[in-house]
Amino acid sequence: MIIKIAQITDTHLLSNPNTAMRGVATWHSLKAILGRVKLKNPDLLLLTGDLADEGQPQAYDRLFELIEPLQIPTYWIPGNHDRLETMNERLHQWPFVARQNFTLGDWSFILLDSTIDNPKFGEGYFSEQTLANLEKTLNASHHPVAIALHHHPIVTGIDWLDTIDLVNATDFLTILERFDRVKLVLFGHVHLEVERTYNGIQFYGTPSTCTQVLPENAIERDRYPGFRWLELNPDGTHHSQVIRIPPHSIEPC
Ligand SMILES: [Fe+2]
C-alpha cells in the first residue's frame, strides 16, 4: 500500500476569514490550497503547526470548518503561534485525530511537540521527557518511520531563521542516528521549501499555505503558497514534491 500524504503547514489563520496577514488573506489562501489537495485524494493530512496566528479559538473553528468537509483523517501538532489547550478543545472531532503515534500501512508516524512556553523569538525545544518517549517508541517500532515536528532541526542557511530553530536539535539527531528505520523528518516553521539529507534520513521543510520566507536568489514561484505531497512506499522509500498555487487562483476577500 502506498500512503499518500498532504503536509499542510503554517496556515496562520485569524478569527476573521477576511483579515489579511502581511498582505495575504490566510483563510482564502488555505481554502485554495485545500481545493488543490482534494484533487489528489490523500490518505491523510498532516498539519505541522502555526495553524492559528495568535492561537484564537475562532481561528481553529475556521480551520475545522474548512477541513471537515474533506473527510480525510487529519493529524496535527502545534507551532509557536498556537495555543495547545485551545487546539485540544477545538480540534478533537473527526476528521481531526489527536494522536501522536500511529501506524498506517507499512509506516509508523511519530508526531512531536517542539513548542515551549514563552519562547524569546519563536524557537523550539524538546523536553527530556519528549526525547525519552521518542527513544522508547523507536525501540518498539519495526516499520519505516516518519517523524513530524514544527521547528527545523537542521540549518536552512538563512541566518535569522536558524536562530529560531529547534534549540537542542543535536540531542534529537543523536537519537535518530541510532535507528536505520527513521526515513523521514517533516517540519514547518520555515515558510520555505527545504530538502536535506543527514545520516541517510531525508529532512523536508515545507512552504506555508500563506506567506513565504524568500531564499537568496528567490524566483517568483518561491512567493506562492504551497503544500508538500508525499507518497510513502512499503519498502521505506518515498517520493515527495512541493505543490504551489499562483496567487491569482486565490479568491479575493
Ligand atoms: Fe509560521
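## Iron site and its surroundings

H191 sits in the loop between β10 (182-187) and β11 (194-198). The model is predicted, and in this model H191 counts as buried, at 8% relative accessibility. Its phi is positive, about 55°, although H191 is not a glycine.

**The metal**

H191 is one of the residues that coordinate the iron ion. The donors are D10 (OD), H12 (NE2), D50 (OD) and H191 (NE2), at 2.1 to 2.3 Å. Angles among these four donor atoms run from 87 to 175°, and the site is irregular. Ideal angles for four tetrahedral donors are 109.5 degrees. Along the sequence, the donor residues follow the spacing D-x1-H-x37-D-x140-H. D10 belongs to the loop between β1 (3-8) and β2 (20-21), and D50 to the loop between β4 (44-48) and α2 (57-67), so this pair ties together parts that are 40 residues apart in sequence. Both D10 and D50 are buried; for D10 the relative accessible area is 0%.

**Backbone geometry**

Most residues other than glycine have a negative phi, and most peptide bonds are trans.

| Residue | Phi | Loop |
|---|---|---|
| H191 | about 55° | between β10 (182-187) and β11 (194-198) |

A further backbone feature is the peptide bond from W94 to P95, which is cis, with omega near 10°. P95 lies in the loop between α3 (84-90) and β6 (96-97).

**The largest pocket**

The largest pocket has a volume of about 230 Å³. Its lining is made up of 17 residues, and those nearest the pocket centre are H81, W160, I164, H189 and H191. By type, the lining of the largest pocket divides into six nonpolar, eight polar and three charged residues.

**H150**

H150 is found in the loop between β9 (145-149) and α5 (169-176). H150 is buried, with a relative accessible area of 0%. The side chain of H150 makes a polar contact with the side chain of N80, at 3.0 Å. W76 is 74 residues away from H150 along the chain, and the C-alpha atoms of the two are separated by 9.8 Å.

Notes
Residues are numbered from 1 along each chain as its sequence is written. This is a predicted model: local features need pLDDT of at least 70, side-chain atom pairs count only at pLDDT 80 or more; totals for chains, interfaces and linings use all residues. Side-chain values use heavy atoms; hydrogens and water are left out. On a 1 Å grid over the protein atoms alone, a cavity is a set of points where a 1.4 Å probe fits but cannot get out, and a pocket is an open set with protein on both sides within 12 Å along at least five of seven lines; lining residues have an atom within 4 Å of a point. Grid points are joined across faces, edges and corners, and a volume is the space filled by probe spheres set on the points. Ala, Val, Leu, Ile, Met, Phe, Trp, Tyr, Cys and Pro count as nonpolar, Asp, Glu, Lys and Arg as charged, and the others, Gly among them, as polar. Donors are N, O and S atoms within 2.8 Å of the metal (3.2 Å for Na, K and Ca); water is not among the atoms, so sites may look incomplete. Four donors count as tetrahedral if all angles lie between 85 and 135 degrees; four count as square planar and six as octahedral if opposite donors are over 155 degrees apart and all others between 65 and 115; anything else is irregular. Helices (H or I, at least four residues) and strands (E, at least two) are DSSP runs, numbered from the N terminus. Buried means under 20% relative accessible area, exposed over 50%, partly exposed in between (1.4 Å probe, protein chains only). A polar contact is a pair of N or O atoms within 3.5 Å; within protein, one must be able to donate a hydrogen and the other to accept it, and residues adjacent in sequence count only if both atoms are side-chain atoms.
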